[in-house]
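Here is a short report for a reader meeting this structure for the first time. Please keep the model in view while reading.

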Amino acid sequence: MAEKKNKTKSINIKNKRASFDFLLLDKYTAGIVLTGTEIKSIRAGKASLVDTFCFIHNGEVWVKNMYVAEYSYGSYNNHAARRDRKLLLNRKEIRKLQQDMKSPGFTLVPTLLFIDENGRAKVDVYLCRGKKEYDKRQTLKEKEDRREIDRQVKRY
């Protein structure tokens, strides 16, 4: 018997700016509550995590300003492109995040939106601390140094 091949392409929507602007500390993987047209748009790869952040309200974690394009075949049932979406975390994780976020300078930032092997949309959320300007310059310098080393190694 021939085995079924998984022909679905992997969806990984990244927030590349997050690692530059923030120092990533703790990682949490959360489910996300979506409507039917939203999951179809995400599976088509039409979403963005630029300028998104998370907040905790009434013991629930919400992601704010996440862009999910309207589904092209959706009718009057289509969703709003930028609405608050609820994240699914354990109560223990939410309590720990609430305690950590009481400290000034900490925030929750979604860095990766992906579809798991069961077909569910998941979000990687990091507890972050904002970088100062000199930290950002140091990050750029390290990145440039790595590029230069790679060029030199490639030459020889």
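The report goes from the overall fold to single residues.

## Overall layout

This is a predicted model. The protein chain has 4 helices and 9 strands. Along the sequence they come in the order β-α-β-α-β-β-β-β-β-α-β-β-α. The C-alpha trace spans about 55 × 50 × 35 Å along its principal axes. Of the 156 residues in the chain, 31% are buried.

Ala-30 is one of the buried residues, with a relative accessible area of 0%. Ala-30 sits in strand β2, which covers residues 22–32. Asn-90 is 60 residues from Ala-30 in sequence, yet the two C-alpha atoms are 8.9 Å apart in space.

## Salt bridges

How many salt bridges does the structure hold? The count is 12. Side chains of opposite charge can pair when their charged atoms come close.

One of the bridges joins Lys-136 and Asp-21, at 3.5 Å from N to O. Lys-136 belongs to helix α4 and Asp-21 to helix α1 (residues 16–21), so this pair ties together parts that are 115 residues apart in sequence. Both partners are buried: Lys-136 has a relative accessible area of 19%, and Asp-21 has 18%. Arg-17 joins Asp-21 and Lys-136 in a network of salt bridges.

## Pairs within helix α4

Helix α4 runs over residues 133–155. Lys-141 and Asp-145 form a salt bridge, with N and O 3.6 Å apart. These two residues are separated by about one helical turn, because they lie 4 residues apart in helix α4. Lys-141 is partly exposed at 49% relative accessibility. Asp-145 is also partly exposed, at 37%.

Glu-148 and Arg-151 make another salt bridge, where the closest N and O atoms are 3.1 Å apart. They are 3 residues apart in helix α4, so about one helical turn separates them. Glu-148 is partly exposed at 34%. Arg-151 is partly exposed as well, at 41%.

## A positive patch

Which residues form a positive surface patch? They are Lys-14, Lys-16, Lys-143 and Arg-146. Of these, Arg-146 is found in helix α4.

The structure holds 0 disulfides. Cys-54 is in no disulfide, and its nearest cysteine sulfur, that of Cys-128, is 9.4 Å away. Cys-128 is likewise in no disulfide, with the sulfur of Cys-54 as its nearest, at 9.4 Å.

## Two residues with positive phi

Most residues other than glycine have a negative phi. Asp-51 has a positive phi of about 60°, although it is not a glycine. Asp-51 is in the loop between β3 (47–48) and β4 (53–57). At 59% relative accessibility, Asp-51 is exposed.

Asn-58 also has a positive phi, near 55°, and is a residue other than glycine. Asn-58 lies in the loop between β4 and β5 (60–64). Asn-58 is exposed, with a relative accessible area of 68%.

Note on methods: Residues are numbered from 1 along each chain as its sequence is written. This is a predicted model: local features need pLDDT of at least 70, side-chain atom pairs count only at pLDDT 80 or more; totals for chains, interfaces and linings use all residues. Side-chain values use heavy atoms; hydrogens and water are left out. Patches are made of residues with over 30% relative accessible area and no salt bridge: like charges are joined within 9 Å, nonpolar side chains (Val, Leu, Ile, Met, Phe, Trp, Tyr) within 5 Å. Accessible areas come from the Shrake-Rupley method with a 1.4 Å probe; for residues, only the protein chains shown count as cover. A salt bridge is a side-chain nitrogen of Lys or Arg within 4 Å of a carboxyl oxygen of Asp or Glu. Lys and Arg count as positive and Asp and Glu as negative; His and the chain ends are not counted. The place of a charge is taken as NZ of Lys, CZ of Arg, CG of Asp or CD of Glu. A disulfide is a pair of cysteine sulfur atoms within 2.5 Å. Buried means under 20% relative accessible area, exposed over 50%, partly exposed in between (1.4 Å probe, protein chains only).
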